[in-house]
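The following exercises are to be worked through with the sequence and the structure at hand. Each task is followed by a solution in steps.

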Amino acid sequence: MTMLADRPLPEITPLTEPFWAAARERRLVMQRCDDCKAYRFPPEVGCYACSSMNSAWEPVSGRATLYTWTAAYPPLLPYFAERAPWPIAVVQLDEGPRLTTNIVDVPYEEYVFGMALQADFQQLDDEVALVVFRRAD
Ligand SMILES: [Zn+2]
């Protein structure tokens with residue numbers, strides 16, 4: 001029997017905890033500036049657009065399009081090396097922010113720029129649910 005390496009998990013910080021807490025509940029949320037209303041991702045203390053320090057976490061639709069992608073080949077961490085080539089996608093949410101993520105139900109050869117996607121969630125352990133994307137219905 002082959003031992004498979006454990007998947008490395010994201011580090012959850014006080015700044016990113018609201019994102020992960022929502023993902024555990026299968027909800028996608030983004031930080032949004034209270035002053036200029038710009039969404040931002042990854043989470044930051046201040047607004048990229050207006051430098052305001054006031055923000056809130058708001059639910060977003062989960063609708064997105066495929067912005068770009070690549071595939072990773074070894075050398076990689078063992079978990080990913082065992083599964084290489086490992087596709088990595090950047091999707092653009094309808095609300096604007098882009099996320100680096102994985103597409104879970106589309107073979108890599110079938111990726112198309114602008115394809116319609118919908119957020120989904122992969123529960124990895126008690127604490128971490130990854131935000132992934134599937135082809136939109
Ligand atoms: Zn702002």
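The model examined here is predicted.

**Exercise 1. Determine which arrangement the donor atoms form around the zinc ion.**

Step 1. The protein donors are the SG atoms of Cys33, Cys36, Cys47 and Cys50, which lie 2.3 to 2.4 Å from the zinc ion.

Step 2. The four donor atoms subtend angles of 103 to 114°. These angles make the arrangement tetrahedral, because the rule asks for all angles between 85 and 135 degrees. For comparison, the ideal angle for four tetrahedral donors is 109.5 degrees.

**Exercise 2. Describe how the zinc donors are spaced along the chain, and state whether Cys36 and Cys47 are buried or partly exposed.**

Step 1. Along the chain, the donors follow the spacing C-x2-C-x10-C-x2-C. Cys36 belongs to the loop between strand E1 (29-33) and strand E2 (39-40), and Cys47 to the loop between E2 and strand E3 (55-59); the two are 11 residues apart.

Step 2. Buried means under 20% relative accessible area. Cys47 has 7% relative accessibility and therefore counts as buried, whereas Cys36, at 35%, is partly exposed.

**Exercise 3. Explain which parts of the chain the salt bridge between Glu58 and Arg32 ties together.**

Step 1. The side chains of Glu58 and Arg32 meet in a salt bridge of 3.1 Å, N to O.

Step 2. Because Glu58 lies in strand E3 and Arg32 in strand E1, the pair ties together parts that are 26 residues apart in sequence.

Step 3. Glu58 is partly exposed at 25% relative accessible area, as is Arg32 at 21%.

**Exercise 4. State where the partners of the salt bridge between Arg63 and Asp94 are located.**

Step 1. The side chains of Arg63 and Asp94 meet at 3.1 Å, N to O.

Step 2. Arg63 is in strand E4 (residues 63-72), and Asp94 is in the loop between strand E5 (86-93) and strand E6 (98-101), 31 residues apart.

Note on methods
Residues numbered from 1 in each chain as written. Predicted model: local features only at pLDDT ≥ 70, side-chain atom pairs only at ≥ 80, totals over all residues. Heavy atoms only, no water. Donors = N, O, S within 2.8 Å, 3.2 Å for Na, K, Ca; no water. Tetrahedral: all angles 85-135°; square planar, octahedral: opposite > 155°, others 65-115°. Helix = DSSP H or I, 4+ residues; strand = E, 2+ residues; numbered from the N terminus. Buried < 20%, exposed > 50% of the residue type's maximum accessible area, 1.4 Å probe, protein only. Salt bridge = Lys/Arg side-chain N within 4 Å of Asp/Glu carboxyl O.
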